[in-house]
Amino acid sequence: MAIQTIKVPDIGGAEGVEVIEISVKVGDVVAEGDSIVVLETDKASMEIPADKAGKVVAIKVNLGDKVSQDAVLLEVEAEGSAAAAPQTAAPVAAAPAPVAAAATASPAAPAAAAEIQMVVPDIGGAEGVEVIEISVKVGDEVAAGDSLIVLETDKASMEIPADAAGKIVSLAVKVGDKLSQGSVIGLLATSGGAAVAAPVAAPAKVEAAPVAAAAPAPKAEAPKSASAPVTDVAQTGDVYAGPAVRKLARQLGVDMGKVSGTGPRGRLLKDDVRAYVKPIVQAAQSGASFGGSGIPALPVVDYSKFGEIEIVKMSKIKKLTADAMVRSWLNVPRITQFDDADITDLEAFRNSMKAEAEKRGSKLTPLPFIVKAVAAALVAEPSFNVSVHQDGESIVHKKFVHIGIAVDTPNGLLVPVVRNVDKKGLFELADEINVLAKKARDGKLTPAEMQGGCFTISSLGAMGGNGFTPMVSAPTEVGILGVSRAQMKPVWNGKEFIPRNMLPLSLSYDHRAVNGADAGRFMTYLVSVIGDLRRLLL
Ligand code: CAO
């Protein structure tokens with residue numbers, strides 16, 4: 001079997017054009033016309049099709065290489081027969097070409113507004129080329145050079161631009177129509193002097209547009225001459241994709257406008273289309289409904305397009321937290337209720353106890369007081385001390401009060417659990433929280449120390465803020481209290497405003513298990529206990 005080479009065909013004289021995609025690998029079997037590499041100038045991309053069929057035995061270019069006409073791209077072993085076809089470079093835009101803009105240009109165009117026929121210019125002799133997109137609608141104002149329609153052969157796509165500025169009066173084509181040179185696209189009411197096109201009555205004169213795809217005019221740019229060049233990889237609307245990708249998207253019924261391109265300059269690749277479709281198919285197969293309530297995949301974004309970036313792997317803890325957050329977000333109908341607790345007296349008491357706390361080596365922050373008050377609220381309002389059973393039909397009521405404390409560590413968020421809070425004193429709680437927080441920061445917590453929580457407290461009080469909406473730790477808990485920074489506020493006592501130290505509290509709960517009324521009672525009780533710690537004795 002003969003080994004044959006596939007070379008860069010005539011690319012309109014462009015030199016040193018960059019290889020941005022290699023669409024085949026050694027061992028692949030290519031048919032004539034299959035896209036093998038994609039080249040890109042600073043203005044357009046073009047797919048280079050195989051001009052012979054066979055098995056790829058060597059790839060002679062690398063991504064980033066700069067190539068010109070006749071550069072060897074691949075070696076293929078002709079399949080089945082040694083009598084390979086003689087090598088002829090298939091022009092890139094073999095099929096069609098032009099975004100040939102002012103193809104209908106008439107130097108003697110009228111200066112006044114007039115209706116002109118929009119027609120398909122010279123498209124390299126291609127006949128019956130399919131309309132795959134209509135980029136305008138009746139009534140649209142277009143500038144000269146704006147894309148009107150996109151045609152596609154099996155090898156290339158091309159935009160047909162307006163050759164004059166004006167308003168679309170009518171369209172004579174629809175998606176799927178097969179057009180050739182001279183086919184009428186519709187009527188355009190030109191906006192006056194800008195028109196360079198022939199008036200309706202005069203049959204459009206079509207000039208030959210260059211076949212090569214190498215130096216295309218950018219989409220928005222008005223053509224500078226009567227023979228504007230081709231964009232092989234059409235950039236229609238926001239979609240920047242080659243014919244093969246467009247074909248795949250069409251076959252799969254994918255709206256390309258919804259897919260993010262990961263290729264150079266946001267170009268859509270086949271893999272982007274597949275990545276978009278995969279989760280939809282998987283979800284559909286798992287029985288999920290997409291009648292408007294499905295979860296669409298997040299688009300893939302190439303951030304390097306916007307500036308310098310660095311990609312750092314998440315720590316294991318951060319990854320686990322991310323998964324837990326998504327699980328909670330998607331499974332828990334979460335409501336957050338806000339209130340302020342008056343901690344003026346609590347703070348006075350805490351300050352009075354500071355010396356004693358220091359003597360016994362304890363650090364008494366507001367947190368142990370809050371933990372103790374939450375434990376009392378869980379006993380008083382047991383609707384919060386539950387889990388939703390996995391059978392989806394039962395509620396697990398807990399007869400113990402274990403409270404998790406969110407601890408910020410260099411590796412991420414950890415939630416050690418303080419057990420039997422209702423049975424412990426303030427100093428004991430303060431010490432235990434400090435020991436667990438240190439273990440968390442040192443990475444020494446055991447799994448058992450992070451399990452069994454009935455409720456979580458997330459304190460951002462040392463950092464600031466006046467409220468947030470914490471996420472419920474599902475499935476084990478149904479409530480979480482966010483604590484923000486206390487601050488002095490004027491509070492009306494019935495006669496006058498007095499300064500009070502107010503602590504903002506945010507109570508999130510799982511509305512499957514807890515009703516608003518339960519939450520209202522829980523919060524009211526909690527606020528009253530924090531406001532007057534003597535209530536703990538009742
Ligand atoms: N308002 C005003 N000041 C507060 C306060 C509040 N709500 N809460 C704490 N403070 C003060 C403390 O009194 C302390 O001041 P002093 O040293 O003058 O007494 C200072 O802030 C620092 O407190 P701390 O952070 O050392 O101790 P803590 O008991 O308040 O919190 C811990 C302990 C482990 C919860 C905390 O260190 C922590 O990691 N918090 C972050 C939790 C987190 O990331 N939550 C988010 C989870 S959801 O993403």
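This is a predicted model: local features need pLDDT of at least 70, side-chain atom pairs count only at pLDDT 80 or more; totals for chains, interfaces and linings use all residues.
1. Val 17 and Val 67 face each other across a strand pair, with Val 67 belonging to β7. The partner strand is β2, residues 17–22, and two bridges join β2 to β7 in an antiparallel arrangement.

2. The pairing of β2 with β7 is part of an open sheet of four strands, ordered β5-β4-β2-β7, in which the pairing is antiparallel. At the edges of this sheet stand β5 (45–49) and β7 (66–67), each of which pairs on one side only.

3. β9 is joined to β16 by five bridges, and the two run antiparallel; Glu 115 has Ala 189 in β16 as its bridge partner. Strand β16 (residues 184–190) also pairs with β14, in the antiparallel sense and over five bridges. Here Ser 170 has Leu 187 in β16 as its bridge partner.

4. Which loop contains Gly 253? Gly 253 is located in the loop between α1 (243–252) and α2 (270–285). With a relative accessibility of 62%, Gly 253 counts as exposed. The C-alpha atoms of Gly 253 and Val 277 are 9.4 Å apart in space, while the two residues are 24 apart in sequence.

5. The ligand is surrounded by 23 residues, and the closest are Thr 365, Arg 441, Ser 458, Ser 484 and Ala 486. By class, this shell comprises 13 nonpolar, five polar and five charged residues. Elements that each supply at least two residues of the shell are α5 (366–380), β23 (407–409), α6 (426–441) and β26 (455–459).

6. For Ser 458, a polar side-chain atom lies 3.0 Å from a nitrogen atom of the ligand. Ala 486 contributes a polar backbone atom, 2.9 Å from a nitrogen atom of the ligand. Of the 960 Å² of accessible area that the ligand has on its own, the protein covers 71%.

7. The whole structure contains six aromatic pairs. One of them joins Phe 349 and Phe 369: the ring centres are 6.1 Å apart and the planes stand at 85 degrees, so the pair is edge-to-face, planes over 60 degrees apart being classed in this way. The pair links distant parts of the chain, with Phe 349 in helix α4 (residues 344–359) and Phe 369 in helix α5, 20 residues apart. Phe 349 counts as partly exposed because its relative accessibility is 36%, within the range between the 20% and 50% cut-offs. Phe 369, in contrast, counts as buried at 1% relative accessibility.

8. A further edge-to-face pair consists of Phe 384 and Tyr 509, at 6.1 Å centre to centre with 75 degrees between the planes. Why does this pair tie together separate parts of the sequence? Phe 384 lies in the loop between α5 and β20 (386–388) and Tyr 509 lies in strand β29 (residues 497–510), so the pair connects parts that are 125 residues apart in sequence. Phe 384 is buried, with a relative accessible area of 0%, and Tyr 509 also counts as buried, at 4% relative accessibility.

9. Phe 384 and Tyr 509 belong to a cluster as well: ring pairs link Phe 384, Phe 455, Tyr 509 and Phe 522. With regard to the ligand site, α5, which carries Phe 369, is among the elements that each supply at least two residues of the shell around the ligand.

Key
Residues are numbered from 1 along each chain as its sequence is written. Side-chain values use heavy atoms; hydrogens and water are left out. A residue is near a molecule or strand if one of its heavy atoms lies within 4 Å of it. A polar contact is a pair of N or O atoms within 3.5 Å; within protein, one must be able to donate a hydrogen and the other to accept it, and residues adjacent in sequence count only if both atoms are side-chain atoms. Accessible areas come from the Shrake-Rupley method with a 1.4 Å probe; for residues, only the protein chains shown count as cover. Ala, Val, Leu, Ile, Met, Phe, Trp, Tyr, Cys and Pro count as nonpolar, Asp, Glu, Lys and Arg as charged, and the others, Gly among them, as polar. Rings of Phe, Tyr and Trp (its six-membered ring) pair if their centres lie within 6.5 Å; planes under 30 degrees apart count as stacked, over 60 as edge-to-face and the rest as tilted. Buried means under 20% relative accessible area, exposed over 50%, partly exposed in between (1.4 Å probe, protein chains only). Two strands pair if DSSP finds at least two bridges between them.
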